[in-house]
Amino acid sequence: MAGNPMYEAYHDTEWGVPEYDSRALWEKLVLDGFQAGLAWITILRKRDAFRAAFDNFDPEKVARYGEGDRARLMADAGIVRSNAKIDAAIESAKIYLQMKARGEDFSEFCWGFVGGEPVQNGWTSKSQVPAQTDLAVEVSKALKAKGFKFVGPVIVYAWMQATGLVNDHLTCCERHDAVKRLAR
């Protein structure tokens, strides 16, 4: 989205930066689920409204949402209003907390798929960047097995790119090496 200041700022400061915080990884997974069928810029423009509507993506609060909260969310024009996506977000908060209660850290779970280190791709053109990979299929299956929804391989790969599990900045992009240096 060259020429869009919001998208460019996102690209230049957030996209691809390795995210190790469990709650932030979960938030981004939920937002990527809401993106299904839409352009990312739509979600990016609504991100602040999503954060306000979902109690800043506090899984403890979201997991307790009931019918009144669902109705409130469906009436909120600031977010994507989809019963299925809202239900998936609420359920994913419950799954996140169940994992935590079992001693399973969401960040460790996510980063375990890449051995704790971002996959460093060396794409030289946008046409080389896949919509999904075998790894995204594997992560998608693991998330689905836990009960997460809206986590197909294309959504999961976009999330992996956004959270820095993979570095898909093109090698000609100044962010490629900068992001690479941010890995633990």
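How much space lies in the second largest cavity? About 70 Å³.

1. **Ground rules.** This is a predicted model, in which local features need pLDDT of at least 70, side-chain atom pairs count only at pLDDT 80 or more, and totals for chains, interfaces and linings use all residues. Residues are numbered from 1 along each chain as its sequence is written, and side-chain values use heavy atoms, leaving out hydrogens and water.

2. **The cavities.** The whole structure was searched, and two cavities of 30 Å³ or more turned up. A cavity here is a set of points, on a 1 Å grid over the protein atoms alone, where a 1.4 Å probe fits but cannot get out; lining residues have an atom within 4 Å of a point. Grid points are joined across faces, edges and corners, and a volume is the space filled by probe spheres set on the points. The largest cavity holds about 100 Å³ of space.

3. Helices α2 and α6 (83–101) each supply at least two lining residues. Helices are DSSP runs (H or I, at least four residues), numbered from the N terminus. The most comes from α2, with five residues. By class, nine lining residues are nonpolar, two polar and two charged. Nonpolar covers Ala, Val, Leu, Ile, Met, Phe, Trp, Tyr, Cys and Pro; charged covers Asp, Glu, Lys and Arg; the others, Gly among them, are polar.

4. The lining here is Tyr10, Glu14, Glu27, Lys28, Leu31, Asp32, Trp40, Arg47, Arg51 and Ala162. Six of the lining residues are charged, four are nonpolar and none is polar. Helices α2 and α3 (40–53) each give at least two residues. The largest share, four residues, is from α2. Several of these names return below.

5. **Asp32.** Is Asp32 buried or exposed? Asp32 is buried, yet has no salt bridge. Buried means under 20% relative accessible area, exposed over 50%, and partly exposed in between (1.4 Å probe, protein chains only). A salt bridge is a side-chain nitrogen of Lys or Arg within 4 Å of a carboxyl oxygen of Asp or Glu. For Asp32, the nearest side chain of opposite charge is Lys28, 8.5 Å away. On charge, Lys and Arg count as positive and Asp and Glu as negative, while His and the chain ends are not counted. Asp32 sits in helix α2 (residues 22–35). Setting aside residues up to four places away in sequence, Asp32 touches Trp40, Ile155, Ala158, Trp159 and Ala162. Contact means heavy atoms within 4.5 Å.

6. **Salt bridges.** Side chains of opposite charge can pair when their charged atoms come close. The count comes to nine salt bridges. One of them joins Glu14 and Arg47, with the closest N and O atoms 2.8 Å apart. Glu14 lies in the loop between α1 (5–13) and α2, and Arg47 in helix α3, so this pair ties together parts that are 33 residues apart in sequence. Glu14 is partly exposed, at 22% relative accessible area. Arg47 is buried, at 12%.

7. Glu27 forms a salt bridge with Arg23; the closest N and O atoms are 2.8 Å apart. Both residues lie in helix α2, four residues apart, about one turn of the helix. Glu27 is buried, with 4% relative accessibility. Arg23 is partly exposed, with 27%. A network of salt bridges links Arg23, Glu27 and Arg51.

8. **A pair inside α5.** Glu67 and Arg70 form a salt bridge, with 3.3 Å between the closest N and O atoms. Both are in helix α5 (residues 67–74), three residues apart, about one turn of the helix. Glu67 is exposed, at 59% relative accessibility. Arg70 is buried, at 18%.

9. **Gly16.** Which residue lies 5.4 Å from Gly16 in space, C-alpha to C-alpha, though 147 residues apart in sequence? That residue is Thr163. Gly16 lies in the loop between α1 and α2. Its relative accessible area is 2%, so Gly16 is buried. Leaving out residues up to four places away in sequence, Gly16 touches Gln161, Ala162, Gly164, His169 and Val179.

Technical notes:
1 Å grid on protein atoms, 1.4 Å probe; cavity = no way out; pocket = protein on both sides within 12 Å on 5 of 7 lines; lining within 4 Å.
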